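Let's take a walk through this structure together. Have the sequence and the 3D view ready, and follow along as we go.

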Amino acid sequence: VMKASEIKEMAPEERIQKLNDMKQELFNLRFQHEVGQLENSSKLKSLKRDIARIKTIMNASETQN
C-alpha cells in the first residue's frame, strides 16, 4: 500500500510510470482471479485504491498549476 506522502514526493514522470505498472498488474490479477489462480483477492482491492490515490494526486497537482 502506497501512502499519499510517498506519491507526492515522486516526479510526475515517475507517477505516470507507476500508474502504468499498476494498471498492468491489475490486469494480470483480474485474469488470475477469473481463472481461479488468485489466492489473495484483497490484492485487487488494495491495488485499485493505490491507482485511485495516484490519479487523485495527479489531478490535484494539475489543477494547482
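A term to start with: a residue is called buried when its relative accessible area is under 20%, exposed when it is over 50%, and partly exposed in between, using a 1.4 Å probe and protein chains only. Take Lys-55 as a try-out: at 39% relative accessibility, Lys-55 counts as partly exposed.

A word on what you're looking at. This is a predicted model, where local features need pLDDT of at least 70 and side-chain atom pairs count only at pLDDT 80 or more, while totals for chains, interfaces and linings use all residues. Residues are numbered from 1 along each chain as its sequence is written, and side-chain values use heavy atoms, with hydrogens and water left out.

Now the overall layout. The protein chain has three helices and zero strands, where helices (H or I, at least four residues) and strands (E, at least two) are DSSP runs numbered from the N terminus. Along the sequence, that reads as α-α-α. The C-alpha atoms fill a box of roughly 45 × 15 × 15 Å, taken along the principal axes. Of the 65 residues in the protein chain, 25% are buried. The chain exposes about 5,100 Å², and carbon and sulfur atoms supply 47% of that; such accessible areas come from the Shrake-Rupley method with a 1.4 Å probe, and for residues, only the protein chains shown count as cover.

Let's look at helix α2. It has 24 residues and reaches 35 Å from its first C-alpha to its last, close to the 34 Å expected at 1.5 Å a residue. That expected span is 1.5 Å times one less than the number of residues. Buried in α2 are Arg-15, Leu-19, Met-22, Leu-26 and Leu-29, and these buried residues pack against α1 and α3. Phe-27 also lies in α2, but at 53% relative accessibility Phe-27 counts as exposed. After the helix comes Gly-36, with a positive phi near 95°.

Now for the inside. In soluble globular proteins, nonpolar side chains tend to be buried together. A nonpolar core here is a set of buried Ala, Val, Leu, Ile, Met, Phe, Trp, Tyr and Cys residues joined through side-chain atoms within 4.5 Å. The largest one has 14 residues, and those with the most contacts inside it are Met-2, Met-22, Leu-47, Ile-51 and Ile-54. The elements giving two or more residues to this core are α2 and α3, and the largest share, six residues, comes from α3. Ile-54 touches Met-2, Ile-7, Arg-15, Lys-18, Leu-19 and Met-22, not counting residues up to four places away in sequence.

What about the charged residues? A salt bridge is a side-chain nitrogen of Lys or Arg within 4 Å of a carboxyl oxygen of Asp or Glu, and by this rule the count comes to one. It joins Asp-50 and Arg-53, with the closest N and O atoms 2.8 Å apart. Because they sit three residues apart in helix α3, Asp-50 and Arg-53 are separated by about one helical turn. Asp-50 is buried, with a relative accessible area of 6%, whereas Arg-53 is partly exposed at 27%. Beyond its sequence neighbours within four places, Asp-50 is in contact with Val-1, Met-2 and Met-22.

Arg-15 in α2 tells another story. Arg-15 is buried yet has no salt bridge, and the nearest side chain of opposite charge, Glu-14, is 7.7 Å away. Here Lys and Arg count as positive and Asp and Glu as negative, while His and the chain ends are not counted. Setting aside neighbours within four places in sequence, Arg-15 is in contact with Ile-7, Lys-8, Met-10, Ile-54, Ile-57, Met-58 and Ser-61.

Methods. Contact = heavy atoms within 4.5 Å.
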